[in-house]
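Subject: Handover of a protein structure

Dear colleague,

I am pleased to hand over the structure below for your review.

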Amino acid sequence: MAASGRPEPGAIPMSGAASGKAAGTSLPYFLGVMFLVSTLNMADRQIIGIVAEPIKNEFGLSDTMLGLVGGTAFALVYPTLGLAIARAADRLNRRNILAACLAVWSAMTMLCGVAPGFWYLAVARTGVAAGEAGYAPCTHSLIADSVSPERRSSAFSVLVVGISAGGLVASLIGGLVAETHGWRAAFMALGAPGLIVSALVYFTLKEPVRLGAAARAGRAVKAFGALMKSPPFLLCVAGSAFHLMVAYGLAAFGIAYFVRAHGMSVGAAAAILGASAAIAGALGSLIGGAAGDFLAKRDRRWLAWWPAVTVFAATFVGVPAFLAQGLVFALIGAVAAVFCNTLYQPASYALVQGVADPQERASAAALMIFIQNLVGLGLGPLVIGLISDALAPSVGVAALGMAIAFSFLFNIPSAIAFYFAGKTWGRADKPC
């Protein structure tokens, strides 16, 4: 049941009429479409990290400026607008909102490919952020109202696997296109498919029955205020935010590090590291989702404690990987760190949706994303860029690796926050 104590049924049938003839809204089909949306969401967000080095060279940017355009510019828009979209998603048709947002971020990704300079690129990136702001509130709420609580962690792993698949698409397709046709063509290649999937969402999905009444207009402050008074919610989100400083920093600079420190080409680094990391991330997501469901059946606090264990372990894998001299050891360590980094996510999503009332689930997802991205995306790449620029005069190309290694230490406060999220949530035999 939700935090309010209202009972919650099991699997919820899909209902509602889609515009046009629906191709089907069975649960496997629905989750498949959510996977595609998640894939494109991450591919369009991550492509700038894949082509960071050629952008740096063409525009003459510092690592700090790369961190700004790769993270901070996105974070200034994405989380704040996400709160407003979430309130609309708690009252209006989530399918329609998601389709519109997907079309916007895909078009803005393509505009990044025609940027004549840094500021145009930064503005286009904020446009991508504006569209992607609707991704988490809509997808999280749709899944929570379509899947029973006992299977919710595994269902959310579909989104997280999509994130890994997006990294794979950005690495393989984006890296290959950038290598052969330039970084601008890479943005075009990854943005265009989103317009097709947007139509797929709009014409083939149906809006699921909303558990509980739709949120009333004018209750945004009350809804967000209630969530901010929930210790397990706040601590879970804090743990995620600290961890995402590591994850987003690695996404922004990982390829650039192997190009710069180990002499790899953009295409080779994207193909080898990106593909391996994407596979490791997908496996971590699936294993993490199954582990979260398995452990939560015995005690729901494991939805927080499992993330605590996994992000703590990632610290001791990631730090040596980016201080290593050998290419093979560095690659293996970086991929292993990605695997550990992704184990936590499905369980943390399930925890947040379990804490929230059914009519405020999109708001809960948006508030989580707001805090996560303001800290993780806004500061993670920027901190790495600042440290790298500060160390470069004395240690040269090793500076970026040292900066990334330092960022992994943020997993320690992340683990502490997750541990106390479980303690404050309290024991229950089953997840809510």
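Which residue forms a salt bridge with Arg301, and how far apart are the closest N and O atoms? The partner of Arg301 is Asp299, and the closest N and O atoms of the two are 2.7 Å apart. Asp299 counts as buried because its relative accessible area is 5%, which is under the 20% cut-off. Arg301 is likewise classed as buried, since its relative accessibility is 18%.

Please note that the model is a predicted one.

The chain as a whole

The protein chain contains 17 helices and 0 strands. It has 432 residues, and 62% of them count as buried. Among contacts in the protein chain with a separation of 6 or more, 86% are between residues 24 or more positions apart. The accessible surface of the protein chain is about 14,900 Å², and carbon and sulfur atoms make up 73% of that area.

Salt bridges

The structure holds 7 salt bridges in total. Besides the pair described at the outset, the following may be of interest to you.

Glu132 and Arg45 are joined through their side chains by a salt bridge, with an N to O distance of 3.0 Å. This pair links distant parts of the chain, as Glu132 lies in helix H5 (residues 118-132) and Arg45 in helix H1 (residues 27-50), 87 residues apart. Both Glu132 and Arg45 are buried.

A further salt bridge brings together the side chains of Glu58 and Arg184, at 2.8 Å from N to O. Here too distant parts of the chain are linked: Glu58 belongs to helix H2 and Arg184 to helix H8 (residues 183-204), and the two are 126 residues apart. Are these two residues buried or partly exposed? Glu58 is partly exposed because its relative accessible area is 42%, which falls between the 20% and 50% cut-offs. Arg184 is also partly exposed, because its relative accessibility is 26%.

The surroundings of Phe59

Phe59 is located in helix H2, which covers residues 52-59. With a relative accessible area of 18%, Phe59 is under the 20% cut-off and therefore counts as buried. Which residues does Phe59 touch, leaving aside those up to four places away in sequence? They are Ala115, Pro116, Gly117, Phe118, Leu121, Trp183 and Arg184. As for Pro116, the C-alpha atoms of Phe59 and Pro116 are 8.8 Å apart in space, while the two residues are 57 residues apart in sequence.

The largest pocket

The largest pocket has a volume of about 150 Å³. Helix H10 (231-262) and helix H16 (398-407) are the elements that give two or more residues to its lining. The residues that line the largest pocket are Tyr257, Ala261, His262, Phe322, Leu323, Ala324, Gln325, Val397, Ala398, Gly401 and Met402. By class, this lining comprises 8 nonpolar and 3 polar residues, with no charged residues.

Yours sincerely

Methods: Residues are numbered from 1 along each chain as its sequence is written. This is a predicted model: local features need pLDDT of at least 70, side-chain atom pairs count only at pLDDT 80 or more; totals for chains, interfaces and linings use all residues. Side-chain values use heavy atoms; hydrogens and water are left out. Helices (H or I, at least four residues) and strands (E, at least two) are DSSP runs, numbered from the N terminus. Buried means under 20% relative accessible area, exposed over 50%, partly exposed in between (1.4 Å probe, protein chains only). Contact means heavy atoms within 4.5 Å. Accessible areas come from the Shrake-Rupley method with a 1.4 Å probe; for residues, only the protein chains shown count as cover. A salt bridge is a side-chain nitrogen of Lys or Arg within 4 Å of a carboxyl oxygen of Asp or Glu. On a 1 Å grid over the protein atoms alone, a cavity is a set of points where a 1.4 Å probe fits but cannot get out, and a pocket is an open set with protein on both sides within 12 Å along at least five of seven lines; lining residues have an atom within 4 Å of a point. Grid points are joined across faces, edges and corners, and a volume is the space filled by probe spheres set on the points. Ala, Val, Leu, Ile, Met, Phe, Trp, Tyr, Cys and Pro count as nonpolar, Asp, Glu, Lys and Arg as charged, and the others, Gly among them, as polar.
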